[in-house]
Amino acid sequence: MPLCRGQALSGRQVKIIHPAIDIRGVYKRFTLPRPLGRAIIHPFERNRSEVLKGVTLAVRPGSVTGLQGPNGAGKTTLLRILAATVIPDSGSVEILGHDVVKHSTRVRQQMGFVLSDERSFFWRLTARHNLAFFATLANLKPEKIGARIDELAELLRITDELPKPFRDLSTGMRQRLSLARTLLHDPQVLLVDEPTRAMDPGAAKRTRHLLGQTLAAELGKTVLLATHSIEEARDLCEHLAFLKDGKIVVEGAVDDALKLVPEIFEVDL
Ligand SMILES: Nc1ncnc2c1ncn2[C@@H]1O[C@H](COP(=O)(O)OP(=O)(O)OP(=O)(O)O)[C@@H](O)[C@H]1O
Ligand SMILES: [Mg+2]
């Protein structure tokens, strides 16, 4: 059953709830490199891996939805498609009603993507200078950039890290800095890939609180996150979708979906 795309009835009024993220029948294949000898003998042959095989998922506005699945299931690929950095072979994806392929610029203004292994920061620049650079790219007004950086640094508890060069930050601090960078332009929809993977338990708990309470519950933002952590899914998500063999095999309320974890991962937990 879809997470939304339904009708909420209150009295005699009918209210259509449009999904904040609407994924319909997405396919994605990657062409893999081949040994030179084989490429010469069979120039038209293609070695393809089919990663997503018709993924359909609707995410309700203001909710936190988790994406789980075995390594290599295609979670990051799906998030990259939503973030308009990978183009799907077929199917459609809309974020806040905008097609991510046709209107990628508009989508990027309203969406933030936090990668699990962020590599786009400048290693020699300080954390503050990095954030200032990305704030300028995001078209923030120059006079507001300093205050916005301070506000986010306080929220993510990285104020003491701001004067340090990026290369000197720990992995967990880099992850927090990535989250701060993503929030600079105050996006409505957040796509987050394994947000607490390298964080200590305290930082992980605060990040979950930030995503679930502050951003989703209080500010009404929509969050879709990939996570391997069952604890994180239980703490943070209302809904959970499992991706396996390129398809969503289970989706629903988090407690119901988690009961199927042993079957999906083929282990006794
Ligand atoms: N650019 C690419 N070119 C070729 N293959 C790719 C590319 N990007 C991803 N893949 C392949 O797609 C598959 C899915 O990868 P993806 O990173 O989306 O999985 P994941 O579910 O995020 O895994 P994990 O839990 O390990 O993070 C993998 O087999 C990967 O090798
Ligand atoms: Mg991944």
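**Exercise 1.** How many residues apart are Arg-148 and Glu-151 in helix 5, and about how much of a helical turn separates them? Then work out how the two side chains pair.

*Solution.* Keep in mind that this is a predicted model.
- Step 1: Arg-148 and Glu-151 both belong to helix 5 (residues 142-156), three residues apart, so about one helical turn lies between them.
- Step 2: The two form a salt bridge, with their closest N and O atoms 3.1 Å apart.
- Step 3: Arg-148 has a relative accessible area of 17% and is buried, while Glu-151, at 46%, is partly exposed.

**Exercise 2.** Find which residues are joined with Arg-208 into one salt-bridge network.

*Solution.* 
- Step 1: Begin with Glu-232, which forms a salt bridge with Arg-208; their closest N and O atoms are 2.9 Å apart.
- Step 2: Check burial. Glu-232 is buried at 1% relative accessibility, and Arg-208 is buried at 12%.
- Step 3: Arg-208 also bridges to Asp-235, with closest N and O atoms 3.9 Å apart. Asp-235 lies in helix 8 and Arg-208 in helix 7, so this pair ties together parts 27 residues apart in sequence. Asp-235 is exposed, at 53%.
- Step 4: Through shared partners, Arg-208, Glu-231, Glu-232 and Asp-235 make one network.

**Exercise 3.** Decide whether helix 2 is mostly covered or mostly open.

*Solution.* 
- Step 1: Helix 2 spans residues 75-82, and six of its eight residues are buried, so mostly covered is the answer.
- Step 2: The buried ones are Lys-75, Thr-77, Leu-78, Leu-79, Ile-81 and Leu-82.
- Step 3: Look just past the helix: Ala-84 has a positive phi of about 65°.

Methods
Residues numbered from 1 in each chain as written. Chains lettered and ligands numbered in written order. Predicted model: local features only at pLDDT ≥ 70, side-chain atom pairs only at ≥ 80, totals over all residues. Heavy atoms only, no water. Buried < 20%, exposed > 50% of the residue type's maximum accessible area, 1.4 Å probe, protein only. Helix = DSSP H or I, 4+ residues; strand = E, 2+ residues; numbered from the N terminus. Salt bridge = Lys/Arg side-chain N within 4 Å of Asp/Glu carboxyl O.
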